[in-house]
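I opened this entry to look up charged pairs and surface patches. My notes follow the order in which I checked them.

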Amino acid sequence: MAMSLDALLCLFTVWLALCLRTDQWVMLHDEQWPAVFLSLALALPVFMMLGLYRAIFRYAGVAALLTVTKAVLIYGVMYGAVLMALALPGVPRTVGLLQPLLLLLAVGASRALGRYLLSGEYVSRLKHMGLSRVLIYGAGSSGRQLAGAMANNRDMRAVGFLDDDERLHGQVLNGLSIYNPADLAKLVKQHAVSDVLMAMPSATRQRRNEVLELARLASVAVRTLPGLMDLAQGKVQISDLRELDIDDLLGRDSVPPHQLLLGKNIHNRVVMVTGAGGSIGSELCRQIIKQGPVRLLLVELSEFALYNIHHELQLLCDEDQPQGQLLPLLASVRDEKHMLEIMRTWKPHTVYHAAAYKHVPMVEHNPAEGIKNNSLGTWTMARLAMDVGVRDFVLISTDKAVRPTNIMGASKRLAEMCLQALADVAAAQGANTRFAMVRFGNVLGSSGSVVPLFRKQIKADGPITLTHPDITRYFMTIPEAAQLVIQAGAMASGGDVFVLDMGEPVRIVDLAKRMVELSGLSVRDSSNPEGDIEIEITGLRPGEKLYEELLIGDNPQPTKHPRIMKAHEDYLQLSDFTPRLQALTLALNRNDVPQIRTLLKDLVPGYQPDSEVVDLVHLARAASC
């Protein structure tokens, strides 16, 4: 087939050379056919000798084209010399120069076309045309790198840039036009755009919120790149694209941390984190390792969670080369003997107590275990901290501890009261240990958080399940919460209850709608029956409140940090507190849930359960009776 094609090209190029030479379209005459036969007699043997017909067309590249050029050059010398010597009538001598040049172009083009068709490039281009179309917001360095990385991407293709710089509007960058962001809605319809990729790592939170609002109004999904620090070590890759940043859903900027407060209780110290594999505990470990502790003790009951955080921190250590030493310790904070052994062995200076059961319905169904872990575990750890001379003990608390209506919140308030009672004793005895509690609301992206749940439900085409249309919650990102916990602990003087400024409470239904719209979808409701995702109201779960509070009283005091306040709240003296706690412990050991609730109401002011006993064992016993 290749030889037949080359033969036809020899015939075609001889005829075309004659037409070009005579400056008119002509038919081949009898005296001109020898020029065609001569071309065939010379070209095909030369091409065979140089291996043109042994090459695999689909893999033909620069080397194959160089071989074609060499073969045609040899052929051209021979063809021109013979034509000049024979002086064929009706065939101008310049045909001997024109025809080899035309043959070079024709044979080279045939090889390139063969590669294009046989290698599947045209199929790839057809598929590329059918890919999801995206606009890149930001024509700076990150945007250019992202566009370059998308050149061979099989999932999406860029159709243009958006940029705030008016001087760039209408310009072309890497073959893509740069548009005005104000025209986003029009561009989405014009180019069938499905996503906007935000390549603005240095943009302010206000500007990002404005872009998100534009995208929401245009009904287009939004994906983002990491921040500047994440991009500093290498080029932008398609794999860097991720779902919309969780903190973008908050719509506010984090306050930069005070570096002195971050390192005060950590740098060159032995630090222990209980619950090190949990959402807050693991982020505390990430922040702590950056401050250069002498040793970091990772205390965790779950082997899998401990393995994950230890492995992750090892990678961070390899990158940052801190002086800290990581010690993964499988242990329960309720195991007094084991925890005492650990604390006497390594003598931690600072303890961040994050170990807790925190899921309200789960603890409501298993109240005894929840209280044992959250309250008695804290009581055990705090007493051991005093015994071994821990300098700073920081409890991670929750807004659910304020006027609790569920076991989880009451158990965390009881944990706070444990520390408050012991703080008085520590001060009276001149002990070294300073106790502090840091209370805050929900953290976005934690295990059990609504954000991962809503994302999963949106990907599954809904419905999004919501317990009540009017439910509100305070939200904060995990890194910001962890940094504020560390800074609050550094300001403790003993028995302090710190409260984090969580901003304004967020209506969960508004958060759900925002997530749907920023996924390029619409909410299905009575006003939009053709929408994509339905929001389904399931009813409040046992112990769940419509809204949360951060303060029991109304007397918060400011601190040196704008996002951290200090509360002064009532508690029981140790002499009154201990007997009641012992009575509660006995009821817990018997799993007498009604008695547990009664004693808890007596211990924790403000605890008012709003549902019947839903302990699974208690319900099973009642049913069997």
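For the patch entry I needed a rule first: patches are made of residues with over 30% relative accessible area and no salt bridge, and nonpolar side chains are joined within 5 Å. I also noted that the model is predicted.

Entry on the surface patch. I looked up which residues form a nonpolar patch on the surface. Leu540, Leu546 and Tyr547 do, and together they have about 270 Å² of accessible area. I then located leucine 546, which sits in the loop between β20 (533–537) and β21 (557–558). Its relative accessible area is 32%, so I wrote down leucine 546 as partly exposed.

Entry on salt bridges. I asked how many salt bridges the count comes to. The count is 20 salt bridges.

Entry on aspartate 392 and arginine 269. I found their side chains joined in a salt bridge, at 4.0 Å from N to O. Aspartate 392 belongs to strand β11 (residues 392–396), while arginine 269 lies in the loop between α10 (259–264) and β7 (270–274), so the pair ties together parts 123 residues apart in sequence. Arginine 269 has a relative accessible area of 24% and is partly exposed.

Entry on glutamate 369 and arginine 334. I noted a salt bridge between these side chains, with 2.9 Å from N to O. The two come from distant parts of the chain, 35 residues apart: glutamate 369 is in helix α15 (residues 367–388), and arginine 334 is in the loop between β9 (326–330) and α13 (336–346). Glutamate 369 is partly exposed at 35% relative accessibility. Arginine 334 is partly exposed as well, with a relative accessible area of 33%.

Entry on lysine 566 and aspartate 496. I found a salt bridge here too, at 3.2 Å from N to O. I looked up where the two residues lie. Lysine 566 is in strand β22 (residues 564–567) and aspartate 496 is in strand β17 (residues 496–500), so this pair links distant parts of the chain, 70 residues apart. The relative accessible area of aspartate 496 is 5%, so I recorded aspartate 496 as buried.

Notes:
Residues are numbered from 1 along each chain as its sequence is written. This is a predicted model: local features need pLDDT of at least 70, side-chain atom pairs count only at pLDDT 80 or more; totals for chains, interfaces and linings use all residues. Side-chain values use heavy atoms; hydrogens and water are left out. Helices (H or I, at least four residues) and strands (E, at least two) are DSSP runs, numbered from the N terminus. Buried means under 20% relative accessible area, exposed over 50%, partly exposed in between (1.4 Å probe, protein chains only). Patches are made of residues with over 30% relative accessible area and no salt bridge: like charges are joined within 9 Å, nonpolar side chains (Val, Leu, Ile, Met, Phe, Trp, Tyr) within 5 Å. Accessible areas come from the Shrake-Rupley method with a 1.4 Å probe; for residues, only the protein chains shown count as cover.
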